[in-house]
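The tour goes from one selection to the next and says what is found at each stop.

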Amino acid sequence: MQERQTTVDEALREATIAVLRERGWEGLTLERVAEVVGRARSTLWRQGLTVPLLIEALVGELAGDFRETMYPILTSGGSGRDRLERGLAALCSLLERHLPLMLATDEAFHQEAAPGEPPNYLHPFIQFLREGESDGSLAPGDDVVAAADVAFNAVAWPYVHLRARHGWPAAKTENRVVGVVLNGLASAPHSSNRRKERS
């Protein structure tokens with residue numbers, strides 16, 4: 001018996017992203033992907049393709065790319081701040097490689113890369129912040145996880161928006177966004193003007 005082909009080729013990837021942009025994760029169907037790619041749904045089904053496989057192809061590649069991108073930084077030297085800066089710059093490079101997916105949905109980082117494999121994209125940034133707090137190069141405050149969450153998202157979505165909607169060059173976007181997140185805009189904090197975080 002011949003094995004079914006379950007490879008998600010580039011045309012299918014692009015069609016899946018187009019349907020995500022159009023309908024979101026809940027509206028992603030094999031039938032609609034088939035329509036967009038110009039193939040019969042029965043053809044995709046006979047190849048063994050399913051919606052979970054299409055999602056896994058996109059999200060699994062993103063997760064794998066993230067791990068490969070962050071590993072050299074996690075195993076490198078330097079202060080917590082140095083490693084955080086390199087990590088945020090690497091995040092921008094990752095976003096650049098997956099820009100069509102990022103433009104289609106802001107929930108790609110919240111999907112399981114594989115069944116039973118919850119996303120864990122904050123881990124490197126939590127580590128960098130803890131190291132920076134320990135060596136005195138960073139001051140993440142009383143909630144390191146929240147600080148990592150803010151740093152990740154404060155880089156990710158402005159990068160995507162400025163690249164795709166404003167047409168900024170990649171290098172300029174990375175430098176500006178990472179610079180603001182790392183260094184802020186004020187020359188010194190003024191505690192009297194800062195809003196207190198509400199619980």
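Start by selecting helix α4, whose buried residues pack against α1, α2, α5, α6, α7 and α8. Helices here are DSSP runs of H or I with at least four residues, strands are runs of E with at least two, and both are numbered from the N terminus. Packing is judged by contact, meaning heavy atoms within 4.5 Å. Buried means under 20% relative accessible area, exposed over 50%, and partly exposed in between, with a 1.4 Å probe and protein chains only.

Before going further, note that this is a predicted model, in which local features need pLDDT of at least 70 and side-chain atom pairs count only at pLDDT 80 or more, while totals for chains, interfaces and linings use all residues. Residues are numbered from 1 along each chain as its sequence is written, and side-chain values use heavy atoms, with hydrogens and water left out.

**Whole chain**

Colour by pLDDT, the predictor's confidence in each residue from 0 to 100. The protein has a mean pLDDT of 90, and 91% of its residues reach 70 or more. Select residues 1–5: pLDDT stays under 50 there, and the model has six contacts for them beyond four places in sequence.

Switch to a cartoon view. The protein has nine helices and zero strands. Its C-alpha atoms fill a box of roughly 65 × 35 × 35 Å along the principal axes. Of the 199 residues, 39% are buried. Among contacts between residues at least 6 apart in sequence, 63% join residues at least 24 apart.

**Along α4**

Return to α4 and show its side chains. The end C-alpha atoms of this helix are 33 Å apart, which agrees with the 34 Å that its 24 residues should span at 1.5 Å a residue; the expected span is 1.5 Å times one less than the number of residues. The buried residues of α4 include Leu54, Leu58, Leu62, Asp65, Phe66 and Met70.

Now pick Leu53, also in α4. With a relative accessible area of 29%, Leu53 is partly exposed.

Next select Arg13 in helix α1 (residues 10–23). Is Arg13 buried or exposed? Arg13 counts as buried, at 15% relative accessibility. Beyond its neighbours within four places in sequence, Arg13 is in contact with Val8, Ala57, Leu58 and Glu61.

**Aromatic pairs**

Show the rings of Phe, Tyr and Trp. Two rings pair if their centres lie within 6.5 Å, using the six-membered ring of Trp; planes under 30 degrees apart count as stacked, over 60 as edge-to-face and the rest as tilted. The whole structure holds six aromatic pairs. Zoom in on Phe66 and Tyr121, whose ring centres are 4.8 Å apart with planes at 80°, so this pair is edge-to-face. Phe66 lies in α4 and Tyr121 in the loop between α6 (99–104) and α7 (123–135), so the pair ties together parts that are 55 residues apart in sequence. Both Phe66 and Tyr121 are buried.

Phe125 and Phe128 form another edge-to-face pair, at 6.1 Å centre to centre and 85° between the planes. These two residues of α7 are three residues apart, or about one helical turn. Phe125 is buried at 0% relative accessibility, and Phe128 is buried with a relative accessible area of 0%.

To see one aromatic cluster, select Phe66, Phe109, Tyr121, Phe125, Phe128, Phe152 and Trp157 together.

Just after α7, Gly136 takes a positive phi of about 85°.

A nonpolar core is a set of buried Ala, Val, Leu, Ile, Met, Phe, Trp, Tyr and Cys residues joined through side-chain atoms within 4.5 Å. Which residues touch the most other members of the largest nonpolar core? Among its 56 residues, they are Phe125 and Phe152. The elements giving two or more residues to this core are α1, α2 (30–37), α4, α5, α6, α7, α8 and α9 (170–183). Leaving out residues up to four places away in sequence, Phe125 touches Phe66, Met70, Leu84, Gly87, Leu88, Leu91, Ala148 and Phe152.

**Last stop**

Finish at Trp168: the charged end of Lys172 sits over its ring, 4.3 Å from the centre. The criterion is NZ of Lys or CZ of Arg within 6 Å of the ring centre and within 35 degrees of the ring normal.
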